[in-house]
Amino acid sequence: MVRVLIGGVLVLVISMGVGRFAFTPILPAMQAATGLGTDAAGLLASLNYLGYFLGALGAGLVPQGAARTAVFRTALIASVTSTAGMGFTEGMAAWAVLRFVSGLASAGLFILGIAMTLDALARAGRESWTGWLYTGVGLGIASSGLFVAVMGDRLGWRGDWLWLGLACLGFGTLSWLWVSDPPHETRHAAARPAARPSGPPSAPMILLTLAYFLEGAGYIVTGTFLVAILKTMPETAQLGAAAWMVTGLAAMPSGIVWAAAGRRFGLWRALILAHVVQAVGILLPITGSPAAALLSAVLFGGTFVGIVTLSFTLGRHLSGEASARVIGALTAVYGLGQIIGPVPAGLVVARTGSFDSALLGAAAAVLAGALLLAAGAWMAGRSGPATVALGAGRG
C-alpha cells in the first residue's frame, strides 16, 4: 500500500509540479531567448488552464475499472510527451497546442490518479494516509524549481523541458505500475446505490462556489508570473528560482496544516483566514524587498493547496449526499477562474511595463472571495451555530 501512495504522490508531481507549474520558473529564460512577450505568456498559461478545465469535465465521466486505468495511462503518456515536446519546438502555435494538451493530461492525471489512490487506500483501511497524498503538489513545484535553478543556465530553456520530460517518464513508469483500478471495480460501482437527488444549492454553497472562482482567478496570477515578477526588479532578480522552490516547500504541508486549522477553528473561519494570508502574499513583491519576496513565496505556497483542501471539505459538508456533483462544480469554476486570470494580467503588464496593477487586481479578487465567504458563514450561522463552525472539532 505504501507503493500506491508513492505512486499517487508522483502523479501529483507530474501533473501539477511539472505539467502545470514548471512553466513558471522556465518562463523568464524562454522570454529572454525567444522574445516571448508577457501577453503571449499569459495566453499560453490560459490555454493550459483551458485544457485543464475541459479535462476536468471529461475526467468526471470516466467509469471506474479498466476504463479509468486506461484513460489515466493515456494521460500519463500525453503529459510526458507534451512536456518534452516544449523543448523540441519553437513558435507560439506549437507551444499553444502543447500547453493545451498538457492541461488536458494534467486534469486526467490529477482527478483519476487521486481517485484511484484514495479508493485503494480506502479498500486497505488506510484512509488516514490520504493527507500525505497532496504533498506531491509542493514536492513537484520545489523539485522543478530546484532543477531549473541548478541546471537552467547550463541546459537552456529547451534542455529544461527535455530533462523534466525525461524525469516525468521515470516517475510516470512507477505510477503506471502502482496506481490502477482492480478490473472488477466497475461491477462493484454498479452495485452501489445511487445518491439521492438533491435540491438547488444553498446560499452558503453558492457563495463558496463564487469565492472559489475568484480564488482561481486571483492566485493563478502569482502562480504563473512569480519568477518573472521577481526577475524584473534588480533587488529581487537573483531570487526568482529560489522563491519558486520556497513556494513548493511551503505548499508541501499546506493541506495538512490548513485541514488542522479547519478542525480547530471551523472551516469557514480557516478558509477566510487562508484567503487573507494569501492576498498579503500576493501583494508583497510590490515592495521590491528581497525579504518580502521570500515571505511572499512562503505565504502563497502555504495557502493555495490549503484553500483547495478546505473548500472541498466545506463543499462536502454543505452538499450532503450530492458531494460528487458539488466537488465537480467547484473544480470547474476554479478552472474557469484560472483560464481568465492570466490573460488580463498579461495584457496589463504588456501595456504598463509593471506587474503592480496585476498583483493588486489578483489580491483584490482573493479578498473579494474572503468577503463572500464571510457572508456565507453568516448565512450558514443563521441556520444553526453548528453550521457556521463546520469542521470544528472534527477528526
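This is a predicted model: local features need pLDDT of at least 70, side-chain atom pairs count only at pLDDT 80 or more; totals for chains, interfaces and linings use all residues.

Residues are numbered from 1 along each chain as its sequence is written, and side-chain values use heavy atoms, with hydrogens and water left out.

The axes of helix H9 (residues 240-251) and helix H12 (residues 290-319) come within 7 Å and cross at roughly 35 degrees; axes are lines fitted to C-alpha atoms over the stretch in contact, and angles run from 0 to 180 degrees between N-to-C directions. Helices are DSSP runs (H or I, at least four residues), numbered from the N terminus. Contact (heavy atoms within 4.5 Å) involves, among others, Ala-243 and Val-246 of H9 and Leu-294 and Phe-304 of H12.

Two cavities of 30 Å³ or more are counted, a cavity being a set of points on a 1 Å grid over the protein atoms alone where a 1.4 Å probe fits but cannot get out, and lining residues having an atom within 4 Å of a point. Grid points are joined across faces, edges and corners, and a volume is the space filled by probe spheres set on the points.

| Cavity | Volume | Top contributor to lining |
|---|---|---|
| Largest | about 210 Å³ | H12, five residues |

Of the 17 residues lining the largest cavity, the closest to its centre are Met-16, Phe-110, Tyr-212, Val-308 and Tyr-334. The lining of the second largest cavity includes Arg-20, Asn-48 and Arg-99.

Definitions and conventions
Helices (H or I, at least four residues) and strands (E, at least two) are DSSP runs, numbered from the N terminus. On a 1 Å grid over the protein atoms alone, a cavity is a set of points where a 1.4 Å probe fits but cannot get out, and a pocket is an open set with protein on both sides within 12 Å along at least five of seven lines; lining residues have an atom within 4 Å of a point.
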